[in-house]
Amino acid sequence: MSDFNPGDKSSKKKILGWEVAHDLERNRKSIGARSTLNRKQLVSTLVILVIFSGVFAVGCWLAGNPFEDTKRIASAAVVNMGWEGTDRWGIVWWVVIAAVIFEFLDAAAGMGYGTAFTPLLIFFGFDPLQIVPVVMIQQGLAGLCGAYLHKEFENVEWRIRPMSETIRLWLIIGGAGCIAVLFSVTAVYGIFKVAKIWIQLYVALLLVAMGVISLLHAKRKKTYKPRHMVFYGALAGFNKGIGGGGYGPVITVGGLLSGVPAKSMMAVTALSEGSVCLVSIIAWFALLSQGMVIDFILLPSMILGSIVAVIVAPYATRVLPEKLWQWVVPVYCCILAALSLWKLMPAVVKALS
């Protein structure tokens with residue numbers, strides 16, 4: 001927790017954006033008291049359900065290959081389902097269930113969807129062009145809707161005038177991340193040409209280090225240091241550019257180490273990642289217009305699985321105490337890193353032999 005003091009007159013001049021979460025826990029000390037939602041919050045939940053229902057309908061349309069460059073890619077999974085060479089599609093129910101689990105963990109702990117779910121889908125035979133564009137659409141929608149619900153459920157406050165620290169953090173993370181992405185893509189792949197296995201190993205080891213450091217500091221009271229988020233934003237953007245993963249964990253854990261309360265940091269991560277994915281969606285559709293073939297077969301299943309999780313996760317963040325999330329986030333980061341290392345070790349051993 002940061003050193004913000006509600007009784008300090010100098011602190012009152014600056015709106016941090018997490019006072020509302022502190023007030024909620026101070027005024028409703030029990031989990032039961034925080035579990036009650038007012039009418040406005042229930043209406044906001046209904047609005048999100050309507051938005052997701054609309055996107056689900058669009059996803060069903062896109063899955064039917066309405067454009068010349070949307071085609072059924074003959075991946076192993078598609079061949080096994082007998083849909084090769086057709087425009088047929090269907091709800092893949094195990095993908096729906098997995099999407100519920102990974103989206104809940106991602107929205108509640110600020111990490112894990114792309115890092116864990118994408119390799120799983122590839123393992124089960126789907127092509128990257130059936131996964132990556134769809135994940136970007138799902139994460140863009142889930143991130144922006146999640147940020148909205150975090151605000152409605154009183155986990156965070158977004159304020160432009162005067163600008164709250166939460167908005168400032170979003171701008172810092174986005175700005176530093178964009179610069180770092182451009183650098184990492186050009187330097188690592190264009191100049192140094194580093195093998196992918198060593199990039200993945202670097203990201204996994206970094207997540208282990210950050211998770212362990214965060215656990216060691218979980219009980220300590222931290223002073224809010226926004227300048228540190230320039231470093232973490234750049235580091236997360238660097239990771240995104242070179243490996244596609246390690247963005248959410250670095251941003252979320254980096255925020256905790258910089259003195260941002262866990263609940264508000266998860267909301268900032270949702271807004272930041274949603275914004276990044278929104279830009280990526282525009283880029284993917286631009287590539288579609290330039291002749292790249294994309295298959296949206298998984299979009300309805302992923303959106304269907306996200307509908308429940310994107311609502312339940314911010315609600316769980318509201319209900320469960322701040323101190324619990326200060327432990328959950330770094331522990332989950334360590335678990336993700338350990339799984340990544342476990343999957344990488346055979347390839348690392350082979351590369352060294």
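Start by selecting Tyr 148, which counts as partly exposed at 32% relative accessibility. This is a predicted model. Tyr 148 sits in helix H8, residues 128-152.

**The surface patch**

Together the four form a nonpolar patch on the surface, with about 290 Å² of accessible area. Which helix gives the most to the patch? Helix H4 does, with 3 residues. Residues three or four places apart in an α-helix point the same way, because the helix has 3.6 residues a turn.

**Along H4 to Gln 41**

Stay on H4, which spans residues 39-63, and select Gln 41. Is Gln 41 buried or exposed? Gln 41 is buried, because its relative accessible area is 3% and the cut-off for buried is under 20%. Now show what surrounds Gln 41. Beyond neighbours within four places in sequence, Gln 41 is in contact with Thr 36, Glu 152, Phe 153, Glu 154 and Arg 318.

**The whole protein**

Zoom out. The protein has 15 helices and 0 strands. Of its 353 residues, 52% are buried. The protein exposes about 16,200 Å², and carbon and sulfur atoms supply 69% of that area. Take the contacts between residues at least 6 apart in sequence: 82% of them join residues at least 24 apart.

**Helix H2**

Select residues 19-27, helix H2. Its buried residues are Glu 19, Ala 21, His 22 and Leu 24. What covers them? The cover includes helix H3 (31-34) and helix H14 (299-319).

**Helix H14 and Ser 301**

Move to H14 and pick Ser 301. Ser 301 counts as buried, at 0% relative accessibility. Leave out residues up to four places away in sequence. Ser 301 then touches Gly 90, Ile 91, Val 92, Val 95 and Val 96.

**Helix H10 and Gly 211**

Next, select Gly 211 in helix H10, residues 196-216. Gly 211 is buried, with a relative accessible area of 0%. In sequence, Gly 211 and Cys 333 are 122 residues apart; in space, their C-alpha atoms are 5.4 Å apart.

**Aromatic pairs**

Now show the aromatic side chains. The structure holds 7 aromatic pairs. One of them joins Trp 18 and Tyr 224 edge-to-face, with 5.1 Å centre to centre and 80 degrees between the planes. Trp 18 lies in the loop between helix H1 (9-12) and H2, and Tyr 224 in the loop between H10 and helix H11 (228-243), so the pair ties together parts that are 206 residues apart in sequence. Both Trp 18 and Tyr 224 are buried.

Then select Trp 94 and Phe 124. Why is this pair tilted? The ring planes of Trp 94 and Phe 124 stand at 50 degrees, with centres 4.8 Å apart, so the pair counts as tilted. Trp 94 is in helix H6 (residues 93-109), while Phe 124 is in the loop between helix H7 (113-123) and H8. The pair links distant parts of the chain, 30 residues apart.

Check the exposure of each partner. Trp 94 is partly exposed, with a relative accessible area of 35%. Phe 124 is also partly exposed, at 44%.

How values were computed
Residues are numbered from 1 along each chain as its sequence is written. This is a predicted model: local features need pLDDT of at least 70, side-chain atom pairs count only at pLDDT 80 or more; totals for chains, interfaces and linings use all residues. Side-chain values use heavy atoms; hydrogens and water are left out. Buried means under 20% relative accessible area, exposed over 50%, partly exposed in between (1.4 Å probe, protein chains only). Helices (H or I, at least four residues) and strands (E, at least two) are DSSP runs, numbered from the N terminus. Contact means heavy atoms within 4.5 Å. Patches are made of residues with over 30% relative accessible area and no salt bridge: like charges are joined within 9 Å, nonpolar side chains (Val, Leu, Ile, Met, Phe, Trp, Tyr) within 5 Å. Accessible areas come from the Shrake-Rupley method with a 1.4 Å probe; for residues, only the protein chains shown count as cover. A salt bridge is a side-chain nitrogen of Lys or Arg within 4 Å of a carboxyl oxygen of Asp or Glu. Rings of Phe, Tyr and Trp (its six-membered ring) pair if their centres lie within 6.5 Å; planes under 30 degrees apart count as stacked, over 60 as edge-to-face and the rest as tilted.
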